[in-house]
Structures are given as structure tokens and as C-alpha cells.
Amino acid sequence: MRQTIIALVTGILFGAGLALSDMINPARVIAFLDLFGNWDPALAFVMGGAMIPAAIAYVFSRRLRSPIMHTKFHIPENRIVDRQLITGAAIFGAGWGLAGYCPGPAIAGLVFGNWQPVVFVAAMLAGMWLHRLTSDLQHRGQPAI
Amino acid sequence: MSTLAPLDPLIALAGGLLIGLAAAVLLLFSGRIAGISGMVARAVGIADSGTPRLQALAFVVGLPIGAWLVSASLRQPEVIVTSSIPILVTAGVLVGFGTRMGNGCTSGHGVCGVSRLSPRSLAATVTFMLAGFAIVALARFMVGG
């Protein structure tokens, strides 16, 4: 229960950050990606700003045996850069550049009364489901990761 | 897209700090990575492993709540979306499929992974950024924007 509350509170903080920094605005994101147009640096400030507390917390976490409210850290151990990672990231980046939405801003953006994020999120879920389907076919019986 | 008003870099930075704070609290209290695509897949039952489902759902639900709180108090965003339905659907499917295939998006890889210098996240972030720049450049030259 305590961890569910932590999840809700951090989700709210994250969503507040996305709205404050205007990352919920696809035009702002596309303006950052538009190197040949009227380039907007906001996204770089947002990512730079986000990395400061995230990096401090990570360094601090290395000195803790366990998280404050849980038994262990769940930090990915895999360090291998493989084709699947790069292909997936490239496909994601193409979709991101196409409409200016990545998963967080699209979901946070559902509350501003416009219909576009609804369409995007529905299609995104379909894309996730499609990946699950194709990877299930590839490794029959094994759960998709 | 030319009507986009510039955003004060300090506000972008403040929003970024909030996002990073969310990632920091989630890591230090629950030992989890604030990766939104993974949380979404988990919340809707597309992924079988990762953050417990109820926590993932709480985090995802928190995003629009946080965004709404900011828009109702601090800053009402002027959201500009120019994408048509076919573009939104294509982009959504690519983002959903790509984030599952590449195990993360702008939050999990871009913020959390880069701030702990994970080789996979660094590679993924460079890749999705380059793909984003390329798609926007391509769109610009095709449309003549």
C-alpha cells in the first residue's frame, strides 16, 4: 500500500513536471527536433534538469543496501547493446518525431480537452500489444520482456 | 507551429527538476526505475514482469493528475497539435512497438538510464534522438515546411 502511494505521488510529480516544462505540447517537442527550423532548446533544459536529481539519487542508492520502503533495488543489470535495442529505439524515435508525443506526455496530456492524445495513446497501446504478439510468436511459451 | 511562444529556460529547467525528483523518490523509496512505457505496458497487462501492476497503474494515473494540477494553478498550456489522425495513429503504433522492443522511452532510457550512465540507455537515447531529428527533417523537406 505504501509503495502504491509512492507510485501515485511520483506519477503526479512526473506529470506536473511534464506540464510545467510544456513537454505535454507536441509542438514544443517537434520544435526541439527541428534542427533546420526555428529550433527550441526547451527539451534539452528539461532533460538536463531531470538528470540532476536522478543522478544524485542513483549515486546515493548505491550506498544503500535496500530502498527505504522495499526489500531490493530493481535496476536493470543488462549492459549489452544489441540490435533489438537499437532497432526498437529507432522505431520509437521515428514515431516520436512524427507526432511529437512520447508515452509520458501523451498520457499526461489526456486532461487538456483535445482529442489527439486519445487517438495517440490508443494507437500506442495497439503498438505495444502488437509487439507482445510478435514476440510471443517468436518465443512460444516464454513471456515477453 | 510558428505560433509557439518561447518558454523561459528556467521554467523548462524547473519542470525537468520535478521530473527528476519523481524519478529520485521512486528509486530511493521503491527501488524502481521511472520508465513510463514499461509502467504503461505493465498497467494494462501487456508486460508480465516489472513494477507490480497496481503500482504501475497508480503511477500512470498520477501523470494526468499532475499535469492537470499544474494547468489549473501555475501555467495553462497552449497545446498545439498539427498531426492528422493517420499521422497520430502511425506515430502511436511506432512509439508503442518501438518502446517495447527497445525496452524504454524518453523517461526510462533518456532520464533514468542516462543519469546512471547505462550503456544500453546511452545507445538507445542517441538512437531515438537521431531518429527524431531525421524524421522531422524529412517531414520538413517533404512538406517544404
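In chain A, 37% of the contacts with a separation of 6 or more are between residues 24 or more positions apart, a contact being a pair of residues whose C-beta atoms, placed from the backbone, lie within 7 Å. This is a predicted model, in which local features need pLDDT of at least 70 and side-chain atom pairs count only at pLDDT 80 or more, while totals for chains, interfaces and linings use all residues. Residues are numbered from 1 along each chain as its sequence is written, and chains are lettered from A and ligands numbered from 1 in the order in which they are written.

**Chain A overall**

- Chain A has 6 helices and 0 strands; helices (H or I, at least four residues) and strands (E, at least two) are DSSP runs, numbered from the N terminus.
- Along the sequence, the pattern of chain A reads α-α-α-α-α-α.
- A box of roughly 50 × 40 × 30 Å, taken along the principal axes, holds the C-alpha atoms of chain A.
- Of the 145 residues in chain A, 54% are buried. A residue is buried if 20 or more other C-beta atoms lie within 10 Å of its own, exposed if 12 or fewer, and partly exposed in between, with C-beta atoms placed from the backbone.

**Helix H2 of chain A**

- The buried residues of H2(A) are A:Pro26, A:Arg28, A:Val29, A:Ile30, A:Ala31, A:Phe32 and A:Leu33.
- These buried residues pack against helix H3 (42–61) and helix H4 (83–99) of chain A, together with helix H6 (119–143) of chain B.

**Annotated regions of chain A**

- An unreviewed UniProt entry gives the annotation "transmembrane region" to residues 43–60, 80–101 and 107–130 of chain A. UniProt positions are given in the numbering used here, feature names are shortened, and annotations may be inferred rather than shown by experiment.
- In the model, residues 43–60 of chain A are 100% helix and 0% strand, with the end C-alpha atoms 26 Å apart.
- Residues 107–130 of chain A are 71% helix and 0% strand, and their end C-alpha atoms are 19 Å apart.

**Chain B overall**

- Chain B comes to 6 helices and 0 strands, in the order α-α-α-α-α-α along the sequence.
- The C-alpha atoms of chain B fill a box of roughly 50 × 35 × 30 Å along the principal axes.
- Buried residues account for 60% of the 145 residues in chain B.
- For chain B, residues 24 or more positions apart make up 42% of the contacts with a separation of 6 or more.

**Where the two chains meet**

- Contact between the chains involves 105 residues of chain B and 108 residues of chain A.
- On the side of chain B that touches chain A, at least two residues each come from helix H1 (9–30), helix H2 (36–43), helix H3 (53–73), H4, H5 and H6 of chain B.
- H1(B) gives the most to that side, with 21 residues.
- By class, the side of chain B that touches chain A has 70 nonpolar, 28 polar and 7 charged residues. Here Ala, Val, Leu, Ile, Met, Phe, Trp, Tyr, Cys and Pro count as nonpolar, Asp, Glu, Lys and Arg as charged, and the others, Gly among them, as polar.

**The pairing of H3(A) with H1(B)**

- H3(A) packs with H1(B) at an angle of about 30°, and their axes are 7 Å apart. Axes are lines fitted to C-alpha atoms, for helices over the stretch in contact, and angles run from 0 to 180 degrees between N-to-C directions.
- H3(A) and H1(B) are therefore roughly parallel to each other, a term for angles under 35 degrees.
- The crossing of H3(A) and H1(B) is right-handed, meaning that the near helix is turned clockwise from the far one by less than a right angle.
- The residues of this contact divide into 23 nonpolar, 6 polar and no charged.

- B:Ser37 lies in helix H2 of chain B and counts as buried because it has 27 C-beta neighbours inside 10 Å.
- Leaving out residues up to four places away in sequence, B:Ser37 touches A:Pro103, B:Thr99, B:Arg100, B:Gly104, B:Cys105 and B:Gly108.
- B:Ser37 and B:Gly98 are 61 residues apart in sequence, and their C-alpha atoms are 9.9 Å apart in space.
- B:Asn103 sits in the loop between helix H4 (85–101) and helix H5 (106–115) of chain B. Phi of B:Asn103 is near 60°, a positive value in a residue other than glycine, and B:Asn103 counts as buried, with 23 C-beta neighbours inside 10 Å.
- B:Leu117 is in the loop between H5 and H6 of chain B. Phi of B:Leu117 is near 55°, again positive in a residue other than glycine, but B:Leu117 counts as exposed, with 10 C-beta neighbours inside 10 Å.

Terms used
Contact = placed C-beta atoms within 7 Å. Parallel < 35°, antiparallel > 145°, perpendicular 65-115°, else oblique.
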